[in-house]
Amino acid sequence: MLLEAVLSVGSDLELGSTLQQIVEAATALTGARHGALAVLEPDRDRIDALYTTGTAEAEGPSLLREPIVVHAEVFGHLCLGGKRPGPFTDTDRGLLRVLAAQAGIAIGNARLYGTARQRERWIAGAAAVTTALLTGTDAADALMTVAEQARVLAGASAGVILQPTEAGGMEIVTASTPDDPAGIVGTVIEPGSPVLVQLLGGEPVFIDDSATDPRMTTGVRSRFGPSMMLPLQSGGQLIGTLALPRRRGERPYTDVDRLLATQFASQAALALVLADAQADREQLAVYEDRDRIARDLHDLVVQRLFATEMMLESTRRRAAAEESGALLGRAVDELDSTIQEVRTAIFALQQPPAAAPSTFRGRVLRETGGAAALLGFPPSVQFAGAVDALVGEETGRELLAVLRGALAAAHRRPGVSAIEVEVDATVRLPDGRGGVRLVVADDGRGEDDGRPTTVTWQAPV
């Protein structure tokens, strides 16, 4: 029976299941009517958890008690009562002592397994945060990602990000909590606080009870109990602080919890720095692309103006010929076309840098949204048909070029206070093919007849 009990106790690596098996094996081995395993809090004499079997009301005055030692530390006490029949014997005590020793080994193994699983979850969480940040999120979303992932991993009631203020304190800028976050965001740790001194020095702060710890000075401290405050720093740069408070009365953080959370904070800080650097590189790529566009524009304009100059020179030499009027007309048209292209390109370059939309509909909205900054009002945009699925890349580029030109032309006309843009992918061309039509209409005064202007363009899809 002892061998079977030892084997059953060591067969499970989950700590909770192992502890329950120890109680049940001890009662069965000694013939006790009821048993209990009281787990002590680390470094304290207070009971942290209790595992029981049987009923304590059973008859029997005798009581048998044996400590369970794990790595020279008293983990808890195994208590048995209600021996049947009669009191516990020396044999019972010997069996319980052997079982308690084996239980200490099994609990140590279960602890190691639990720590490994816990470490695995934190590593996976840090990797998920890094992946999320490097796929492109803004600063606010990045901080919320870190706070929320850390809260879930730590089993905290809140995940909070604090950042330094100009006055030398720290302010809560992000809070992830399943409860009402009202009153948390915007809370400030004033300069000179003992906690702040440690955090600004790059030291983590571990607190057993936020509500009673004299180092805590904020108004929200009464909500929380055990807490970790971990600096987010990389390469000597302090980005902020990650705070993970639990509710009052909840179990304190263990040394393993603190170690894993500190490692997570270091990884998250590095990911935040890398994400910020990546955003800077993407911004630089946008500016470089605009420089390239400007160079291409310069080359195009110079070539076309030079060709126009040659045409006018030829016209001057052949002024007496009949075709002079036609040549002059072509020259004027060419100059007008060149001017329109220059204005359209400049209009595009004036738009604020942003990540390129992945859909055609998004690119159209980006063009109209950028125009709103110059026009002083947003154009109205309507879509008909499955524009994202039907409009190809080449047709899409042509349509966007026409749209930019029409918006730039509308910007120059007086009296424009409204612009309507329609992209229709359901039209049929005269030859029967499917097509897309762009209509840009404004309420301004045209240069020729003073009427509102409408630009219409269509092409096959």
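Helices, of at least four residues, and strands, of at least two, are DSSP runs that are numbered from the N terminus. In these terms the model described here, which is a predicted one, has a protein chain whose secondary structure comes to 10 helices and 14 strands.

**The chain as a whole**

Of the 461 residues of the protein chain, 39% count as buried, and the chain exposes about 24600 Å², of which carbon and sulfur atoms supply 54%. Among the contacts in the protein chain with a separation of 6 or more, 58% are accounted for by residues 24 or more positions apart.

Rolling a probe the size of a water molecule over the atoms shows where empty space is left. A search of the whole structure finds 1 cavity of 30 Å³ or more, and about 220 Å³ of space lies in the largest cavity. Of the 20 residues that line the largest cavity, Ile172, Met216, Thr218, Val220 and Met229 are the closest to its centre. At least two residues of this lining are supplied by each of strand 5 (159-164), strand 9 (224-234) and strand 10 (237-247), and strand 9 gives the largest share, 3 residues.

Strand 9 also holds Ser227, which counts as buried because its relative accessible area is 4%, under the 20% cut-off. Apart from neighbours within four places in sequence, Ser227 is in contact with Val205, Phe206, Ile207, Ser210, Leu244, Pro245 and Tyr253.

**Helix 8 and its surroundings**

Helix 8 covers residues 360-375, and at 1.5 Å a residue its 16 residues should span 22 Å, which agrees with the 22 Å between its end C-alpha atoms. The buried residues in helix 8 are Phe360, Gly362, Val364, Glu367, Thr368, Gly370, Ala371, Ala372 and Leu375. After helix 8 comes Gly376, with a positive phi near 90°.

The C-alpha atom of Phe360 is separated by 9.3 Å from that of Arg397, although these residues are 37 residues apart along the chain. Arg397 is found in helix 10 (residues 393-412) and, with a relative accessibility of 47%, counts as partly exposed.

**Strands 11, 12 and 13**

Strand 11 (residues 380-384) runs parallel to strand 12 (residues 419-428), and 5 bridges join them; Ser380 stands opposite Glu420 in strand 12. Strand 12 is also joined by 8 bridges to strand 13 (residues 434-442), and here the two strands run antiparallel, with Asp424 opposite Arg437 in strand 13. Strand 12 and strand 13 form a hairpin that has 5 residues between them, and Gly432 in the turn has a positive phi of about 95°.

Most residues other than glycine have a negative phi. His71 lies in the loop between strand 3 (63-70) and strand 4 (73-83), and Ala72 has its place in the loop between strand 3 and strand 4. Both residues count as exposed, His71 at 67% relative accessibility and Ala72 at 79%, since the cut-off for exposed is over 50%.

Technical notes: Residues are numbered from 1 along each chain as its sequence is written. This is a predicted model: local features need pLDDT of at least 70, side-chain atom pairs count only at pLDDT 80 or more; totals for chains, interfaces and linings use all residues. Side-chain values use heavy atoms; hydrogens and water are left out. The expected span of a helix is 1.5 Å times one less than its number of residues. Buried means under 20% relative accessible area, exposed over 50%, partly exposed in between (1.4 Å probe, protein chains only). Two strands pair if DSSP finds at least two bridges between them. Contact means heavy atoms within 4.5 Å. Accessible areas come from the Shrake-Rupley method with a 1.4 Å probe; for residues, only the protein chains shown count as cover. On a 1 Å grid over the protein atoms alone, a cavity is a set of points where a 1.4 Å probe fits but cannot get out, and a pocket is an open set with protein on both sides within 12 Å along at least five of seven lines; lining residues have an atom within 4 Å of a point. Grid points are joined across faces, edges and corners, and a volume is the space filled by probe spheres set on the points.
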